[in-house]
Each structure stands twice: as structure tokens, then as C-alpha cells.
Amino acid sequence: MPDSQEKNLSAEDRPRTKLPEAEPRGYFEGESLTRRKVFVVASQALGGIAGAAVVLPAIGFALAPVFERGKERWEAVGTTKDFVPDTYKQVVFTETLGIGEVGKTTAYVRQGSEKYGEDPTEYIAISSRCAHLGCPVRFVQAAENFICPCHGGVYDFIGKRIGGPPVRPLDRFQTRVTENHIELGPRYSVTNQLKAVRTRDPGEFTGGIWEYLYPPRPSTFPPP
Amino acid sequence: MKSPFPSRTKKADQAGNGAAPDENGAVVEEPKPSRKEKLSGHKDLAVHHGGEAGKDVAGWVDSRTNATGIFTAMMSRHVPKGTNWFYTLGSATMFIFAMQAITGVILSMYYTPSATQAYASITHLTNDVFLGEFVRGLHKWGASLMIILIFLHMARTFFFGAYKYPRELNWVIGVVLLILTMVMGLTGYLLPFDQRSFWATIVANNITASGPVVGPYLADFLRAGPDFSATTLSRFYALHMLVVPGLIGGLIGAHLFLVVKLGTTAPPWVRAARPKGAQRSEAVVAGVAVADSDEVSVSSNGVVANGSVEAVAEEADQAKSKTEAPEAAAGPEVTEAESAPEEPEAPEEPEAPADDEETTS
């Protein structure tokens, strides 16, 4: 403030002298830390440790599910006679336990078809979860397409995207045959070339550089 | 160079001049006790100190907390001329927040945050509980109303230029509050656990997941796992009930504190009489003591608050004439009432806000 300086000068002419800085109590020559400083730092450090002991476990508790992987689950959905290579059969099975109806999901299952270069002893299970935002798609027999009701995503017979906003083919479930029973296992995602990768959430691209932009999560199962 | 903080300015004014004669020899009157001093009632401290505490419980508490002073300072503070109904949108938002908090607590008495029982508990609450439908309706419609009011409040702040210096931080806090309110909307939407809320949450989660690099992990954190699970609902419930309301409450406190500390702005169509900064620098150039120009600004503040607009114009003129002819100038208290403006060049604007620094630029 220039004006306040002016006032001071006009009021009294004697220049201000600075007092020498007082030495802290108990100071001795060559001391690098005062007692006060030591106690301030020590008490703050103790407080920090006590705070961290409470906060860090709480954060870990909230974050743990990001790093935890659940138990692998397999569920029988039918016998080998139930499925043919030409069309899909809709099955409903439980993907997540303990939450009732909400934990169930729909899969479209068929036998492997030589027309698409698949092994007839294999079974293909395509998830009904749209790769756009996760709405449930349905298989339309007449068009041999999967169609999503929400935003108009369209997939062909083997689940590859042919129209609409989805960013990758439909997810699949691992399958295995035990004593003529088809069992469905963990979910996995595929690239546009149908290469299996760890499952991604809807809306995430797969393959190429996208594997780094949408990194695989530790909470998912490795692909078959 | 005038400080934008009214309270600080006032304090400086009180400290700056006593009854000492200024350079021109005119004795400046002892400043009247400021409004703040009058309201805080510090003089009563001694009265309520001792044995008569039982007589007057409110006074006893007040003398120890200054609750009345704080309350009056908040509730009867000066507002600029031109303050209108648009300025009530913030209070309206806060009222809705209080309503959401109260109805939310009542709803939580009947709600079960479990994936298998949530829907049934909501059905029971809506259909069987006395007035349950009404309370749930208040909570549901209040959520939308709160978002609407926030946007109107935000628009008022934007179009009135009230986000500018020194109130930028309050704008930032307000934006965080808007985002937190939307988080409340997102987390609360899942709780009824019908088809609509379930799928809306799935979609919201997947939108979160589609953010590059951190998105997938963020979605895992929100869902508490790779898929929607039993923990997801209770996680959303905890966020909706405890975490976010706490944050909102604290930030509303900070928001209000800044409103009280910085004051509100006048509407843009109300302009200042003249830039105070310019007036001040003139005084400095002419060599008039700082105490004088401060005195002028204090009394002009008081006058404007009392609503006599013409007096301000006169005072501004008075200050100008004083700077030009220091010998002839008398104390501002003397001239305030009688002397008529004689400076023709002073561009007076009849509408003058009380303590509005925005309009000086």
C-alpha cells in the first residue's frame, strides 16, 4: 500500500530500525533444531502414523474388490442333445450367487458349426449382454441376428457386430462337456477376429492398442 | 486498491482514525460503534458472567457462544441494492436438500439394502406404511427439483457475473456440489431395485468403465467386483446415505461461509456511482491523508445501506472537491447534509450498490 507508507513517513521522520532476532529459549551454539521444532515434528509424525493406521485399512477395505477374483463357477445348462449347430437355444443360469434373480444371466448356446470353422464337439455360448452398454440382446431367428433393444446394436450369427454403436463382438462363456452335460463357466470377451481375451465391460474396445487403454482387470478370469 | 473484503475494510477503518485531528485541522468525529459491534453485544459479557445465569439461560449461552451475534451477522447482513427474487434460488436449493435429508432418514427406517429384499421393502413402504407413498414421493420429486434449482441458481450466478473475483472459489465449490448432487441421484436411483433402476445402474457403470485406463478399475470399485453383486447395492446405499450427504453438508457450510464473508453482488443492471479505486488514487495524488478518504468510504457505505442514493452522489463529489481544494474542505460529516454537488464533470449514476466491488471495473 503506497498510501500507508506515505502516511508513516509524514507522521514521524525517524527511520525504522529492525531489532536483532531473539534467540529461542534454551538455544546453544551450533544447534540445528530447537526443542520446539523437535516436539512439533514428533507430535505431527505420531498423529500421522495414528491417522494412517485408521485410514489405510479403510481404503484397502473399500478397494479390495478391485483386486479380488471370485471362485470359478460352472453350471450345467443341458445335455449334448439339446443343442444344434444351426440355431441358438436360450438358457438362463446363475452368474453371481446370493442376489436372487438379479444374479442370473442369459446365454445363447449352440453346437460348433463347420460352416464357421468350428469344432462340432465344441459348444458356443454367447452372452446376451450387449457390448455397447450392457442391455440384453435377443436372437432373432428370422434375421439370424442378435438385436439390442436399447440403442439398435446388431450382431451377426456368430456375434460379430454388423451395425449400431457396439464396439466389439458379443461376449462368450467358457463351455465344457462333462458326461454329456454342457456346462457354462466364466465369461470372456473376444476381439473382432474372435480371439479370446479377458472379459471387458461393455463399451470397452478389444484388441490392438485397446488392450492397453482398457487394461485387463485382476478381478476377471483368464481367457480359455 | 480497496480490499474486496468488506469486513476487513471496516476493521481497518475503525483502527485507522480516532478522534485525532487530520492534516487539515478538522477534527474527525469519533466513529460510531459499527453495526457489527452493536450486534455482537460483547458488552453484555460481564452481565452474564456470574450468578444470574439461571435467570436467563439464553443469555448465559449467548454470552459464552455469541450465538445471537453470529446469527444476526449472518441473517441481517448488508445486501446490495437491486437484490431480488433470483437471489433466493440458493436458499431454495438448501431447503430442498434439508427436505431430502429428512425424508431420506424417514425412508431409511423402512428400507432394507439387500438385493433380495430391497424391492419388497420399497413395495411395503409405498403401499402399506401410513403416508409412505407421500414421503417417498417427496424424496423422489425433490431429487429432480434440487437439480433444477441448482441449475437455476448456477444460471443466476453466471448471468449476474457473481462468479468473478473474489467469488471464484465459491463457484468452484458450487460446481463440486452440483456433481455431488448428481452422484446422489445416481446412487439413489438404484435403491428401489426395480427393473428400471437396475438397468440404469448397469448402464451408468458401463459408461464409467468405458473411460480409458482408469475406467475399468473405477467401475470395479463402484460395483465392488467384476459384476453386479450383493455388495453393489449396499455400496451404493452407503454412498447415498453416508458419504455423499456428509460431503454435501460440509461443502454447503463452506459455500455459506464464503457468501457471508464476501457478500453478494448487485445485479448487472445496477451500476456503481463511480469507481471507488479511482477516487482513492486521486486522494493520494492530492496528498490528502489516507484517513480522510477512508472516512468518506465508510460513511458512504452507511448511507447507501440506508437507501439515500443522492447523498452518495453528493459525497462522491465532496471527496472530489476536497482533493482539488484541500484548504476549503471541511469534514465529511458537516458537508454530507447541506452542500450541493457543484462539480459538473462528475458522471453520476443514481443507482449505487452498497458494497459492490464487481461493478468498479
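Reader: In what order do the strands of the open sheet of four strands in chain A run?
Author: The model is a predicted one. Pairing in this open sheet is antiparallel. β5 (138–140) and β8 (161–163) of chain A stand at its edges, each with a single partner strand, so one side of each is left without a neighbour in the sheet. The order in chain A is therefore β5-β6-β7-β8.

Reader: Which residue of β8(A) is the bridge partner of Y155(A)?
Author: Strand β7 of chain A covers residues 154–155. This strand pairs with β8(A) in the antiparallel sense over two bridges. The bridge partner of Y155(A) in β8(A) is R161(A).

Reader: Which element gives the largest share of the largest nonpolar core?
Author: This core has 23 residues, of which A107(A), V109(A) and A125(A) touch the most other members. Two or more residues come from each of β3 (104–111), β4 (123–127) and β10 (181–190) of chain A. The largest share, four residues, comes from β4(A).

Reader: Which element gives the largest share of the side of chain B that touches chain A?
Author: In chain B, 29 residues are in contact with 28 residues of chain A. The elements giving two or more residues to this side are α9 (195–209), α10 (215–223) and α11 (230–262) of chain B. The largest share, seven residues, comes from α9(B).

Reader: How many residues on that side of chain B are nonpolar?
Author: The residues of chain B that touch chain A include six polar and two charged ones. The number of nonpolar residues there is 21.

Note on methods. Residues numbered from 1 in each chain as written. Chains lettered and ligands numbered in written order. Predicted model: local features only at pLDDT ≥ 70, side-chain atom pairs only at ≥ 80, totals over all residues. Pairing = 2+ DSSP bridges. Core = buried A, V, L, I, M, F, W, Y, C linked by C-beta atoms within 7 Å. Buried ≥ 20, exposed ≤ 12 C-beta atoms within 10 Å, placed from the backbone. Contact = placed C-beta atoms within 7 Å. Nonpolar A, V, L, I, M, F, W, Y, C, P; charged D, E, K, R; others polar.
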